[in-house]
Amino acid sequence: MLLTGASGGIGQAIARALSARGARLLLTGRRGDVLEELARELGAVALVADLALRADVERLAAEAVGAGVDVLVANAGLPASGEIGELEGDQIDRMLDVNLRAPIALSHRLAPMMAARGSGQMVFISSLSSQVASPASSLYSATKFGLRGFALGIRQDLRRSGVGVSLVVPGFIRDAGMYADVGMALPPGVGTRSPAEVAAAVIRAIERNPAELHVAPLSLRLGAAFGSIAPAPAALGSRLLGSDRIAARIAEAQRSQR
Ligand SMILES: NC(=O)c1ccc[n+]([C@@H]2O[C@H](COP(=O)([O-])OP(=O)(O)OC[C@H]3O[C@@H](n4cnc5c(N)ncnc54)[C@H](OP(=O)(O)O)[C@@H]3O)[C@@H](O)[C@H]2O)c1
């Protein structure tokens, strides 16, 4: 199995859960020290790659094809926050490359091998931002909406080949990962889920091949569904609850990751 973003908060939880199920793992990310330590702990292979670099994506894909991987878990992602006017062109390119182009390129290289074998699973870590846009995160939504469209599309194209495709859709994840790293409390009543719950959803996706699995409280899921069918009233409602202020603070805290 190939897991991207294995050095991150959610990625480490997914790696441990898959390893506990006996998976043989190729773990990838940029931070070699974190990856090597995790790989040693889990008896996995660490592959350092920067998914913003096409040559690295190609090298990673070649390694994965060479190893005959049967499952891709495309989890790596940048917060991609900030208003469009504050972002430099190269930052926008990196957000698009890491969050959207790399998972597409890896699937493109792995799908033919899986289809020829008649089995395999691709799991894309999405977000509720694949359904509803928020302030100061237009690029994040652009990549997550795009990833959702891509995954649901190839799910149909690969249906007869025996290769499954699923999206895992987290809301706010506590304890570790890009939201927890900000260290900001949410308004009362907005619930969170744990990295272990995301990992359990990944395992369920591999075993059952659902189209989408949400890892978020019902209230947030309903809010995202409302936002997808009625974006203007939903945006007004969330503005009244303080979304502009919260989003601006989160984007400021994530500025160094652009
Ligand atoms: N945390 C949440 O509340 C939440 C909610 C919804 C969806 N998600 C999604 O969950 C996934 C994992 O996020 P997380 O919360 O675990 O974030 P995280 O802790 O910041 O981890 C992000 C991972 O992506 C990797 N990555 C970033 N840029 C990369 C690049 N240029 N090349 C290769 N790898 C790169 C990082 O590798 P290095 O650290 O080694 O650079 C790290 O392993 C993301 O797709 C995110 O959009 C998270």
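The axes of helix 1 (residues 9–20) and helix 6 (residues 195–208) come within 8 Å and cross at roughly 50 degrees; helices (H or I, at least four residues) and strands (E, at least two) are DSSP runs, numbered from the N terminus. Axes are lines fitted to C-alpha atoms, for helices over the stretch in contact, and angles run from 0 to 180 degrees between N-to-C directions. Helix 1 and helix 6 are therefore oblique to each other, given that angles under 35 degrees count as roughly parallel, over 145 as roughly antiparallel, 65 to 115 as roughly perpendicular and the rest as oblique. Their crossing is right-handed; a crossing is left-handed if the near helix is turned anticlockwise from the far one by less than a right angle, and right-handed if clockwise. From helix 1, Gly 9, Ile 10, Ala 13, Ile 14 and Ala 17 take part in the contact, and from helix 6, residues including Pro 195, Ala 196, Val 198 and Ala 199 (contact requires C-beta atoms, placed from the backbone, within 7 Å). This contact has eleven nonpolar residues, one polar and no charged, where Ala, Val, Leu, Ile, Met, Phe, Trp, Tyr, Cys and Pro count as nonpolar, Asp, Glu, Lys and Arg as charged, and the others, Gly among them, as polar.

The structure is a predicted model, in which local features need pLDDT of at least 70, side-chain atom pairs count only at pLDDT 80 or more, and totals for chains, interfaces and linings use all residues. Residues are numbered from 1 along each chain as its sequence is written.

Helix 4 (residues 89–117) and helix 5 (residues 138–157) have axes that come within 9 Å and cross at roughly 10 degrees. Helix 4 and helix 5 are therefore roughly parallel to each other, and their crossing is right-handed. Among the residues that meet are Ile 92, Met 95 and Leu 96 in helix 4 and Leu 139, Thr 143 and Gly 146 in helix 5.

In helix 3, Val 57, Ala 61, Ala 64 and Val 65 meet residues of helix 4, including Ala 102, Ala 105 and Arg 109. Nine nonpolar residues, no polar and one charged make up the contact of helix 3 with helix 4.

Seven strands form an open sheet in the order 3-2-1-4-5-6-7, with parallel pairing (two strands pair if DSSP finds at least two bridges between them). Strand 3 (45–48) and strand 7 (212–215) stand at the edges with a single partner strand each, so one side of each lacks a neighbour in the sheet. Strand 4 (residues 71–74) pairs with strand 5 (residues 120–125) in the parallel sense over four bridges, and Val 71 has Gln 121 in strand 5 as its bridge partner.

The ligand is surrounded by 25 residues, of which the closest are Gly 8, Gly 29, Gly 77, Gly 177 and Tyr 179; a residue is near a molecule if its C-beta atom, placed from the backbone, lies within 6 Å of it. Helix 1 supplies the largest share of this shell, three residues. The shell comprises twelve nonpolar, ten polar and three charged residues.

Methods: Contact = placed C-beta atoms within 7 Å.
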